Every structure is written in structure tokens, then in C-alpha cells.
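Thanks, everyone, for making the time.

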4 protein chains.
Amino acid sequence: MAIENKAPGKDVSSEDLESKFPLAAKKSADHFSTFEIAGAQFGGGHIPVFAGPNMVESEELIVETATAVKASGAQFLRGGAFKPLSFPYRSAKYNETREDGIRWLGTAKKETGIGIITEIMEERYLDLVCEVADILQIGSRNMQNYPLITAAAKTGKPLMIKRHFGCSLRDWLGAAEYAMVEGNEKIILCERGVTAPHTHKDSSRFLLDLQVVPAAKEVTHLPIAVDPSHATFWRSWVKPMALASVASGADAIMLEVHPDPENSAVDPLQPITFEAFEDLMVSMEGIAQVVDRTMGRTLS
Amino acid sequence: MAIENKAPGKDVSSEDLESKFPLAAKKSADHFSTFEIAGAQFGGGHIPVFAGPNMVESEELIVETATAVKASGAQFLRGGAFKPLSFPYRSAKYNETREDGIRWLGTAKKETGIGIITEIMEERYLDLVCEVADILQIGSRNMQNYPLITAAAKTGKPLMIKRHFGCSLRDWLGAAEYAMVEGNEKIILCERGVTAPHTHKDSSRFLLDLQVVPAAKEVTHLPIAVDPSHATFWRSWVKPMALASVASGADAIMLEVHPDPENSAVDPLQPITFEAFEDLMVSMEGIAQVVDRTMGRTLS
Amino acid sequence: MAIENKAPGKDVSSEDLESKFPLAAKKSADHFSTFEIAGAQFGGGHIPVFAGPNMVESEELIVETATAVKASGAQFLRGGAFKPLSFPYRSAKYNETREDGIRWLGTAKKETGIGIITEIMEERYLDLVCEVADILQIGSRNMQNYPLITAAAKTGKPLMIKRHFGCSLRDWLGAAEYAMVEGNEKIILCERGVTAPHTHKDSSRFLLDLQVVPAAKEVTHLPIAVDPSHATFWRSWVKPMALASVASGADAIMLEVHPDPENSAVDPLQPITFEAFEDLMVSMEGIAQVVDRTMGRTLS
Amino acid sequence: MAIENKAPGKDVSSEDLESKFPLAAKKSADHFSTFEIAGAQFGGGHIPVFAGPNMVESEELIVETATAVKASGAQFLRGGAFKPLSFPYRSAKYNETREDGIRWLGTAKKETGIGIITEIMEERYLDLVCEVADILQIGSRNMQNYPLITAAAKTGKPLMIKRHFGCSLRDWLGAAEYAMVEGNEKIILCERGVTAPHTHKDSSRFLLDLQVVPAAKEVTHLPIAVDPSHATFWRSWVKPMALASVASGADAIMLEVHPDPENSAVDPLQPITFEAFEDLMVSMEGIAQVVDRTMGRTLS
């Protein structure tokens with residue numbers, strides 16, 4: 001008896017590379033895009049770092065953080081002024097700072113010269129965010145919001161597309177293709193943890209999928225970033241998973257860093273301190289050297 | 001040694017019912033919303049049926065289908081004029097009919113009197129779609145596109161929110177709460193298959209989660225629909241899973257029905273014929289009686 | 001660029017049917033094994049029921065349960081005298097009754113005439129268990145313990161192989177083939193819930209995979225049983241999922257029934273009472289009729 | 001409304017540490033077992049390496065491999081003489097060498113002085129295997145075969161328990177406790193990939209769960225090994241994932257190494273050559289230094 005078996009679609013196939021994401025697909029085994037954003041090189045021998053708080057809580061906090069993470073070697077400040085939340089109610093503390101937050105990111109940029117990456121959730125805020133951001137972040141929940149990706153890509157700004165926690169490598173490359181088909185070539189993909197049958201501790205919903213790094217680099221020329229903070233959730237797991245991310249071949253690292261993690265407006269068990277970030281940068285630089293790459297201050 | 005263990009969040013907790021989705025949460029064990037849409041009762045003893053093609057391919061096809069499925073007992077015609085696709089390229093056959101498609105749904109409604117449910121993907125098409133649709137469908141990929149849900153809810157039209165294939169019951173109820181907080185009380189939830197470690201056949205990406213039906217009905221008063229066509233993918237699995245859906249307590253059933261399934265513009269292995277739909281309606285009516293409910297023509 | 005892509009193995013393929021499990025594979029579309037065990041027909045128009053407690057706690061309890069479930073239409077008494085546990089420590093209450101338990105099952109069989117199904121965990125107890133059991137159960141945790149399956153199959157007794165909660169349909173059919181290759185043709189497969197990224201409530205570890213019923217019946221001629229009690233864990237979810245199991249095409253149903261569920265030695269939130277079982281049998285008989293099959297007392 | 005919510009059990013809880021696996025649980029934050037096997041230190045600053053073919057194919061192959069991997073810094077030769085297979089049929093090539101294989105491992109040990117780790121599948125072969133093996137391996141499929149674990153633990157030989165691909169950290173620690181309760185303290189745990197909703201390429205069934213390394217080390221004092229070869233399946237993914245394993249804090253590494261990978265009796269896309277292993281050892285040694293540990297030849 002034969003099984004009727006057409007229309008595959010769970011994993012990436014050779015046919016997909018040609019018809020589903022020809023722009024995102026590698027043309028040869030050693031094809032890897034390289035491009036520069038705000039003075040940092042992506043996709044080559046260097047591994048840029050995005051660091052900062054989950055939320056842009058206040059001007060003071062964001063300028064202080066920009067100064068600290070830049071001194072430790074981060075090229076980009078991360079922080080959300082617009083933040084999706086799975087439920088419509090927000091506490092006074094956990095609240096979007098929106099236009100204010102974007103303005104504060106601008107201050108941090110002007111005062112420190114650091115690059116800015118921040119999330120965009122609605123087309124109508126694109127102009128505002130583009131004034132300040134060097135990279136527009138498409139969050140996990142919007143990975144399949146194709147109209148938003150299309151609009152963001154059309155601005156010409158570099159885009160970082162976070163993988164949805166329930167989506168495959170194939171789905172993720174489809175989202176990248178939506179951006180590339182608009183002529184935007186500065187697309188970064190970012191792994192941030194997937195849902196899995198077994199996590200390990202009550203509050204950890206996600207599993208960091210580092211196997212997707214070599215898997216993605218086998219089929220796409222786009223740089224693959226990893227965000228171990230969101231995936232692991234627990235502060236003490238961030239360092240080992242960040243080091244593992246660099247060792248696995250990640251092309252950029254995103255980390256949650258906060259001057260006072262326990263009083264962070266969001267997920268206070270997750271961010272690391274400035275001191276822990278400095279220590280982690282030193283270790284990540286060591287790992288980068290082993291895999292023949294540079295990172296943080298080893299760049300210069 | 002004690003484990004630091006705050007901030008739960010994988011499953012629905014009592015605290016969630018009070019603070020995360022108080023509007024969607026049941027107030028007592030026998031609290032179930034009931035409401036009427038286009039003459040059909042939702043959330044009570046009756047199980048409405050949505051049937052039709054994946055895509056609104058042509059006016060002729062959609063009117064023919066509306067006539068056939070209505071005759072077999074369906075109260076609503078389903079069909080997409082706007083359809084998300086994981087990749088930006090579409091074949092000539094698989095293409096959205098957009099404004100034309102919405103117009104053809106209007107024709108089918110006028111000629112047959114059937115109710116209309118169709119997907120909305122962008123805020124700017126809301127007015128157009130609202131002219132024809134009795135229920136706005138938020139697709140799986142947009143379950144976490146909260147600005148879209150908010151805008152759709154504000155129209156006052158009933159909403160059906162499909163569960164994202166990678167999202168939990170908790171996430172799904174959060175999406176419903178975003179709609180309810182706008183004052184919209186006619187919200188239907190629809191299970192359509194989740195990703196799982198083990199599917200069974202190469203092209204079946206999803207696993208129909210029928211356990212979510214009693215689980216959801218334990219915590220929310222909103223009606224829970226099930227769409228076995230998308231989940232199972234294979235035509236021959238649709239009947240057993242549709243019957244199982246009714247037996248599990250589903251409050252509405254969505255099915256893909258096409259006059260010529262093998263020439264369907266999308267997923268030709270999935271839709272069932274008019275004859276198979278008629279046969280399935282008879283069996284579903286039988287199951288509904290066993291669980292003290294009515295369905296299709298047993299309504300009258 | 002082409003992807004190196006040999007040696008598939010996640011889902012069942014046509015090649016698997018010929019080389020991996022030729023004995024378990026269907027030879028034609030309507031090929032379904034039928035056989036009789038203890039007077040009950042498996043694999044045909046009839047759906048036998050296994051009911052009883054998780055553990056054979058005492059002689060009195062097991063005889064009482066056998067009497068009650070038989071009166072409601074169950075053909076087999078289920079109950080474990082040997083029970084695997086994920087941890088080596090057992091409470092006084094939750095303890096195996098082993099040789100005593102097997103003897104008590106024998107008493108229940110003699111006094112009521114009901115068939116017996118019970119789990120076998122070690123080869124050295126095979127002779128003892130075979131004196132009483134009509135069906136040997138291979139538990140989920142032992143699905144890949146091939147030496148045990150081989151030894152159990154060699155006894156000639158019918159075998160029921162429960163699917164491991166982390167194993168695919170393909171792995172499961174491999175386990176069945178290990179039994180069939182020993183010449184044993186009375187093999188029943190039993191779905192009992194799989195691990196999935198999203199369950200719904202803190203204590204529910206599993207998701208009942210009813211989609212595997214039509215999927216399995218497409219490729220194997222062996223009867224497919226379903227155990228909704230273990231999968232759902234919560235008593236109030238057992239009825240809807242049991243009805244859904246029958247509707248999905250299950251060939252046998254296993255249920256946990258206990259005279260005093262809240263004082264059950266194991267998983268007290270899971271078993272149903274005698275009254276709930278009687279009520280469930282009536283509903284399952286109704287569903288069975290809709291799918292042209294018989295069940296419980298509708299047999300006669 | 002409150003949710004009835006007792007009997008936790010998906011993730012490790014503080015209560016589990018006390019009642020489910022008190023022997024495997026850490027007594028304090030810096031509690032980590034250390035022990036020596038065949039001259040190699042486990043659980044401390046050193047990271048031993050197990051390398052060799054999947055199957056002990058022939059005496060010549062196994063002695064050649066032992067010589068090569070030892071020269072590159074591996075302390076243990078791995079290779080299966082007894083190998084479980086998901087289906088009962090084996091090709092002439094893929095066949096267990098059983099007693100012969102064990103004897104050949106003995107020759108390799110005598111000629112090179114390398115330690116031996118090999119899988120045990122049945123109690124009746126324990127004496128035979130113990131004559132040669134320094135570590136008994138409990139394979140993934142037997143992780144819940146508690147009688148086998150008990151019997152193996154009673155021999156007093158060190159045990160390595162591979163995590164079942166569908167089991168949680170909690171289940172895995174339960175298996176370790178079954179060994180420790182017999183008085184055996186030299187227990188190593190080994191992560192080798194889990195099933196997940198999204199793998200990346202058709203033949204890769206598993207996802208390497210590196211997040212389990214910090215998660216496990218937070219609750220257990222036992223050393224955590226990682227086997228990236230089985231998990232990744234594809235040869236070119238082994239190096240990045242092996243480096244990531246060391247960076248994540250793994251206490252030992254297991255790798256498939258074969259003199260002629262493409263002609264390997266099992267999974268020919270998976271093993272790496274002697275040259276690739278030598279290169280990988282150099283890189284792993286570099287990573288180990290960054291995390292203040294030693295590995296391979298950096299030991300001396």
C-alpha cells in the first residue's frame with residue numbers, strides 16, 4: 001500500500017529555497033551577507049551586541065544603561081517603548097512609554113553615540129520610530145503580521161525579525177522573504193526561544209533553540225542573532241546560554257541588562273546587572289576568539 | 001534547597017482568571033454566554049456550522065457552495081477573500097480576490113440568505129468587510145496582532161479568534177480579552193490545530209487539540225468552535241475528527257467544503273465535497289443528539 | 001543550492017510500510033484485523049471497554065469494581081498489580097500489591113466472568129500474570145523495551161501496547177512489529193496522551209492525540225484503543241474526551257473507574273465513579289451507533 | 001472562580017527535591033559531586049570526552065578508533081555492541097556484534113589503555129559487559145526501564161543515563177534516583193536531543209536541549225554530559241553544537257567518530273572523521289579555558 005504524500009512543508013526543502021524564499025536563500029555554501037549598521041558589521045567576522053532593558057522606563061535609566069553597556073562593548077542599545085503584552089491590562093509600572101520612550105532613546109543615542117534597536121508594533125508609528133532607531137525590531141508575536149513587515153521593510157531601515165516561539169525555520173524565512181521582496185537587504189533574524197513539550201522550571205515557558213543557528217546558516221545568507229534572555233527567563237541561566245549562543249555560531253547577541261534588575265518594570269528575574277554584563281562580555285569575547293570571530297572590544 | 005519559583009505563566013491559573021482575563025473568565029461553573037448572530041444561536045444548546053471553500057475563488061463557485069451547504073444545514077458560509085500566506089509569492093491560481101471576493105460573498109448572502117464569516121487581515125479593509133460579513137475572523141497568524149483585534153472589536157461585529165498554532169489556552173484567552181475590553185461581547189474562539197512534536201504524515205503540520213475544548217469551557221464562558229479541516233489537512237481524517245469535535249463539546253464547527261476539491265485553489269487534499277458534507281452533517285446531528293444538543297437541520 | 005536530504009524518519013512513509021513494519025501494515029485500504037479475546041470482538045464493528053482502578057488496591061475493591069463495571073457493559077477489568085512509577089519511593093497507600101494483586105484479579109474474574117487486562121513490567125513475572133490475564137498490557141514507559149515486548153509476545157497472550165507519551169506513530173508501529181514478528185497476531189495499540197508544548201492546566205502533563213486514530217487506521221490493520229483517563233487527568237474532562245474517542249473511530253476504550261475516586265491510591269483527581277461510568281457508557285453507546293458500531297450492552 | 005489545582009508534576013519543584021529525588025538533589029548551591037572513573041575526573045573542573053563509532057563494527061575498526069581518539073585527547077571509547085533499534089529488522093550491515101563486540105572493546109582497552117563506555121540493554125548481559133566497561137550506558141529508550149537501571153546500578157559500575165527524547169528533566173532525575181537508591185553514587189546524566197514541534201531538516205528528529213544544562217545543574221549535583229551527535233544528526237552541525245555544549249556548562253561530551261563516516265554501519269550522515277575530531281578537540285579545549293575548565297590534552 002502506498003501513502004498519498006504530496007505537499008511537504010514542515011521542514012525546509014530544496015524546492016523551498018527556490019520558490020518560497022529565493023532572496024533569503026544562500027546561492028552557494030559560502031554565501032553570507034555582510035552589511036554595516038551604525039558602524040557595526042553584521043554577517044561577517046564580527047558579532048555585534050544589543051543590550052539594555054526590556055522597557056524604556058525613564059530617560060535617566062536609559063541614558064545610564066546606554067553609557068554602561070557601551071563601555072562594556074555593546075554597539076546597540078535595546079529597549080522597548082512600544083511593547084506587546086499578552087493581556088490588555090498593564091500595571092502602573094509595566095506600561096509603555098511610547099512617544100516619550102522613543103524620545104529618550106534619542107537622547108541616549110545623542111549623548112553616547114550608541115546605535116538603537118527598538119520594536120515597532122504598528123505602521124502608524126513607523127515615522128516616529130525611524131527618526132531614532134537604527135534597526136527596527138519585529139517582535140515574536142508579529143512575525144506573521146506580513147503587512148507590518150512590508151511597511152517596515154519599505155522604510156529602508158534595517159530590520160530584525162524575531163522568530164515566533166511557535167514557528168518553524170521555514171515560517172521564519174518566509175517572514176524574511178516578505179521584507180526582502182521590498183528591496184530591503186539589511187535583514188537580521190533573531191532566535192529567542194520556542195515552546196517545547198518540556199521546559200524545566202515553572203516560569204520558563206521557552207527553550208532556546210541553538211540548533212537552529214547551524215540549521216539556518218546552512219540555508220540562508222542572512223545573519224542569525226540569538227536572544228538568550230527572553231528564552232531562559234532565569235537570570236542565572238543567561239550566561240551559560242549566551243556563551244553557548246556565541247559558540248554555536250550566532251552572528252549577534254541580544255541581552256537584557258538593567259541597572260537594578262530586581263526592580264525592572266518587566267520580568268525582574270530575567271535581566272542581568274551592568275557588572276554581570278561586563279563579565280559576560282569578557283567571556284563572550286573569549287568564545288568568539290575560539291571560533292575565529294571578534295566581539296565587543298576585541299573588535300578594535 | 002528551595003527553588004525560586006515566582007511568576008507562573010504556562011497554564012491558566014485562578015489568579016489569571018481575575019487579573020488577566022476577567023471578562024473572558026467564567027463567573028460560576030454554569031456560566032456560558034449565549035448570543036445570536038444572523039439568526040443562529042451560539043453558546044447554548046445549538047451548534048452552528050460554518051462551511052465553504054478556503055478561498056473565495058469566483059462568484060459562481062461561492063454562490064454554488066452557499067446554496068449547497070445551506071441546504072445541508074450550514075448557517076454560515078466561510079471563505080477568504082484576504083488570505084495570509086507564509087511566503088510572499090502566490091501562484092496565479094492561489095491568489096486573493098480581495099474586493100471582488102468580498103463582493104461575491106455579498107452576492108451569495110443576498111441570493112441564499114446564508115450568514116457570512118470571513119477573515120480580516122488589515123484595519124484598512126474593515127469597513128469594506130463589515131458591509132458583508134456577519135462574523136469577522138481573526139486568523140491564527142494574527143491572534144497576537146492586538147491592534148488588529150482591537151480595531152475589529154470596535155466595529156461591534158461579532159469576532160471569531162482562531163488560536164495560533166503555537167499558542168497556549170492562556171495566550172488565546174488574552175486575545176479574547178483584548179476584544180472584550182472594547183465592549184464587544186460576541187466573541188467566539190476557534191481551535192484549528194497546534195504544532196506538536198509528533199504529527200503523523202508528511203504534510204500534516206498540526207495536531208487537533210480537542211482536549212482544549214473541555215479545558216477552555218472550564219474557565220471561559222465564550223463559545224469554543226473547532227475547525228478540523230485545517231488541523232488534519234487530509235480529507236479522509238476530516239470526518240472522524242469533526243465527529244470527535246462535536247462529541248468533545250464544541251460549540252460550533254468550521255469545515256472546508258468545495259464543489260471540486262481536487263481543483264481547489266488552496267490545499268486541494270483538504271476540502272470535502274458537497275456530498276461528503278451532507279453525509280457528515282447527518283452524522284454530526286446524530287452525535288449532537290447524544291450530547292443533548294442540536295445541529296444543522298435538527299434545529300428546527 | 002540543494003539540501004542533502006536522505007533517510008527520512010519522522011512520519012510514516014510508504015517505504016516504512018514495506019520494510020519497517022510489514023506485519024503491522026495494512027495490505028489494502030479495507031484491511032482491518034479482527035480477533036476475539038475472552039468473548040469480545042476486537043477490530044470489527046464492536047468497541048470493547050476496559051474499566052477499573054489504576055491500582056489493584058484490595059480484593060474487596062477489585063471484586064466490587066468488576067461487578068459494577070460488568071453490569072454497565074465493560075467486557076474487561078483493568079487494574080495494575082505491578083505499576084511503574086517515575087520515582088523509586090512509594091507511599092504506604094500507593095504501593096504495588098504484586099502477587100496478591102494478581103491473585104485478586106483472578107478472584108474477580110472467577111466471581112464475575114469478566115476479562116482481565118493488566119500490566120507486565122518484568123519478564124520474570126510473565127508466568128504468574130499469564131495465569132490470570134486475558135490481555136497483557138505493555139505500559140507507556142516500556143514501549144521501547146523490546147526484550148520485554150518480545151518475551152510477552154512469545155507467551156501467545158494478546159498484547160496491548162500503550163504509546164509512549166514522547167513517541168511517534170512510526171515508533172509505536174515499530175513496537176507492534178516486535179510483537180508480531182514473534183507470531184503473535186492479537187496486538188492492540190492504545191493511545192494515552194502525548195507531551196505537547198501547550199497543555200492547559202498545571203497537573204495535566206499530556207494531550208490526548210485523537211488525530212492518531214484516523215492516521216493509524218490509514219496505515220495499520222491493528223485495532224486502536226484510546227485511554228482518555230490518563231491523558232486528561234482531570235475527572236471532568238474524561239467524559240467529553242471518551243465520547244470524542246469513540247467518535248474518532250477508536251476500536252476500544254480504557255477508563256479509570258473507582259468506587260471512591262477521591263480516596264484512590266493513585267491520581268485521585270482522575271477516576272470516575274460507578275455512576276459516572278454507567279452514564280458514560282450510555283452516551284458512548286449512542287455515539288457508537290452514529291458511527292455504525294456497537295458498544296457495551298448494545299452488543300447483545 | 002478558583003481552579004482546582006493540586007498535584008504538580010511538569011517541572012521540578014522544591015517539594016520534588018525533597019521527596020522525589022533527595023539523593024540526586026543538590027544540598028546547597030555549590031554542591032556538585034566529583035568522582036573518578038578510569039583515571040578521568042567527572043563533575044569538577046575537567047570535562048572528559050567519550051568518542052567512537054555508533055556500533056562496534058569490527059575489531060580492526062574499534063582498535064584503530066581507540067588509538068586515534070585517545071591521541072586527540074578522548075579519555076573514553078564509546079561504541080555499541082548491543083544497540084536498540086525501533087524496528088525488529090536489521091540489515092546485514094547494521095547488526096549487533098554482541099559478545100564479539102564486547103570482546104573487541106576489551107582488546108581496544110588493553111591495547112590503548114582507553115576507558116570504555118558501552119550500552120547495556122538486558123540484565124542477562126550485565127556480567128559480560130561489566131568485564132570490559134568502565135561505564136554502563138543506559139540508552140534513551142531504556143530511561144524508564146527501572147528494573148534494568150536497578151540491576152545495572154547494583155553492579156557498582158558507574159552509570160551514564162541518557163535522557164529519553166520525550167522525557168522531562170523531572171523524569172530524568174527520577175531515573176537517576178532509581179540508580180542512587182541502590183547505593184551507586186557514580187551517576188552521569190546525558191542530554192542527547194528531545195523531540196520538539198519544530199526541527200529544521202527532514203531527517204533531524206531531535207532538538208539538542210542545552211538549556212537543560214544550567215537547569216539541571218541548578219537542582220542536581222550529578223555531572224551533566226551532552227551528546228550533540230545524536231541530537232543534530234547532520235555532520236556539519238556537530239561542531240557548532242559541541243562547542244555550544246561546552247560553553248553551556250556540560251560536564252562531559254560524547255561524540256560519534258568513525259574512520260570512514262560515509263560507510264558507517266549506522267546513520268552515516270552523523271559521525272565525524274578523526275581529523276574533524278582532532279580539530280574539534282582543539283576548539284573545545286579553547287572554549288573550556290574560557291569557562292575555567294580543562295578538557296582533552298589541556299588536562300595535563
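Let me begin with strand S6 (residues 115-119) of chain A, which pairs with S7(A) in the parallel sense over three bridges, where strands are DSSP runs of E with at least two residues, helices are runs of H or I with at least four, both numbered from the N terminus, and pairing requires at least two DSSP bridges between two strands. This is a predicted model, in which local features need pLDDT of at least 70 and side-chain atom pairs count only at pLDDT 80 or more, while totals for chains, interfaces and linings use all residues. Residues are numbered from 1 along each chain as its sequence is written, and chains are lettered from A and ligands numbered from 1 in the order in which they are written.

Within this pairing, Glu119(A) has Gln137(A) as its bridge partner in S7(A). On the other pairing, S7(A) and strand S8 (residues 159-162) of chain A also run in the parallel sense over three bridges, with Leu159(A) in S8(A) as the bridge partner of Leu136(A).

What about the faces of strand S7 (residues 135-138) of chain A? Both are covered, since Ile135(A) and Gln137(A) on one side and Leu136(A) and Ile138(A) on the other are all buried, that is, 20 or more other C-beta atoms, placed from the backbone, lie within 10 Å of their own.

Turning to the assembly, 36 residues of chain A are in contact with 36 residues of chain D, contact being C-beta atoms, placed from the backbone, within 7 Å. The largest share of chain A's side, eight residues, comes from H9(A).

Methods:
Two residues are in contact if their C-beta atoms, placed from the backbone, lie within 7 Å. A residue is buried if 20 or more other C-beta atoms lie within 10 Å of its own, exposed if 12 or fewer, and partly exposed in between; C-beta atoms are placed from the backbone.
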